[in-house]
Amino acid sequence: MLKIISLILSLIVFFAAIWIIIPAPAYNIWLFSVAASEWSLWLGAIALPAIFLSLCVPIFGDGKLWIASLIVSFAALVISLYPLLSVLSLANEQNVSLSIGEYFSGLKSGEVSAGDFTTHTFAIIDGKNLQFDVYAPKAENENNGAAIIVVHGGSWNGGSRNDFPQWNKWLVVNGFTVFDIDYRLTPQPNYLSAAGDVKCAVLWIKEHAKGFNISPNRIALFGRSAGAHLALLAAYSANDSSLPSSCPANDQNQTVRAVVSFYAPVELLWAYDHPANEYVINGPKTLAAFLGGNPHESAEIRDRFLLASPTTHISRKTPPTLLVHGGHDQLVRRENMQFLDEKLNENDIPHTSIFIPYAQHGFDYNFHGWGSQITKPVMLDFLRENTKNK
């Protein structure tokens, strides 16, 4: 019985941990791999009793399976330590002290309640209400007058606002007013409507800034995945008539002070030809739906891919940018961050790039994980510096 328990426990923890380092063969396994990466030390905690039981087998039992159990459980323990070990030098480089206490402080991304935000409509387009949830600092958290507009991810055809509420709450605690916005997901192709809706939100919030106790000149955009792409595109193409706002122009311009991008696709033509893990997501199909076809079958569609790529719009007026990407991202290849980093360097645009070796797409779902612990202080410093009064 001891041999069987030892072997079963060893195999379970090993096959749970292995997805931290190898590509997932299906979408649901990828979801599990994100959780395994972000809560890997919990797997390590399970591996320890498996090792103990394996060592007990030759004392209290017989047979040779204990050697296999020991090897498998020890391998699982080593893999479970990989996320932490991979970021130690990055944490040191960014002057961040990693906290094991914070790491084990919670398993959830955070819940929202009706009292955390209020909902407003910023546009009605084709009968659809476009709304945002605004999180305003409480009395004990002084409002610094700066605002962050959050753009959700979801492959441009899914997702919803408030998908990462704990990050919104954290920004509010640090004095920022947060606007978590909608944009149109259908019908596709929606590259113009989605980008235009983000710009519309920027214009509406600027026009009504006084009512939210913020400055219209101290706004930053923050997006994840497809939302990060839209945030970059809206910020980099501000006031560009080729990517117009979805709502009528007013006396406000579309410029923002800064943009934060988590794991964004930025070179869409390259991304179409160089997809990430197609067992998890069909990248070319997703891009073709967003932009209206195969870029190699029509010059018009190829031009759309270029127009919708943030790198196309970089100029000396591009706002400061924070880029964050993971080394094990299976939806958006890490080269995207490298391409954008190089273009920003070429144009002398102030920017910071954070590469998290172990991290998967969506690593920040674990607000207390190693990637989030490193990213939060860097992001906070970046936002404070780039949205301060001038």
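## Helix α6 and its cover

The buried residues of α6 are covered by elements including β2 (128-135), β3 (147-151), β4 (177-181), β5 (219-224), β6 (258-262) and α13 (370-386). Helices (H or I, at least four residues) and strands (E, at least two) are DSSP runs, numbered from the N terminus. This is a predicted model: local features need pLDDT of at least 70, side-chain atom pairs count only at pLDDT 80 or more, and totals for chains, interfaces and linings use all residues. Residues are numbered from 1 along each chain as its sequence is written, and side-chain values use heavy atoms, without hydrogens or water.

Buried means under 20% relative accessible area (1.4 Å probe, protein chains only). The buried residues are P165, Q166, W167, N168, W170, L171 and V172. After α6 comes G175, with a positive phi near 100°.

## Nonpolar cores

A nonpolar core is a set of buried Ala, Val, Leu, Ile, Met, Phe, Trp, Tyr and Cys residues joined through side-chain atoms within 4.5 Å. The largest has 60 residues. F122, F132, F179, I181, L221 and L230 touch the most other members. A second, separate core holds 41 residues, including W167 and L171.

F122 touches residues including L130, F132, I181 and W204, leaving aside those up to four places away in sequence. Contact here means heavy atoms within 4.5 Å.

Note on methods. Buried < 20%, exposed > 50% of the residue type's maximum accessible area, 1.4 Å probe, protein only.
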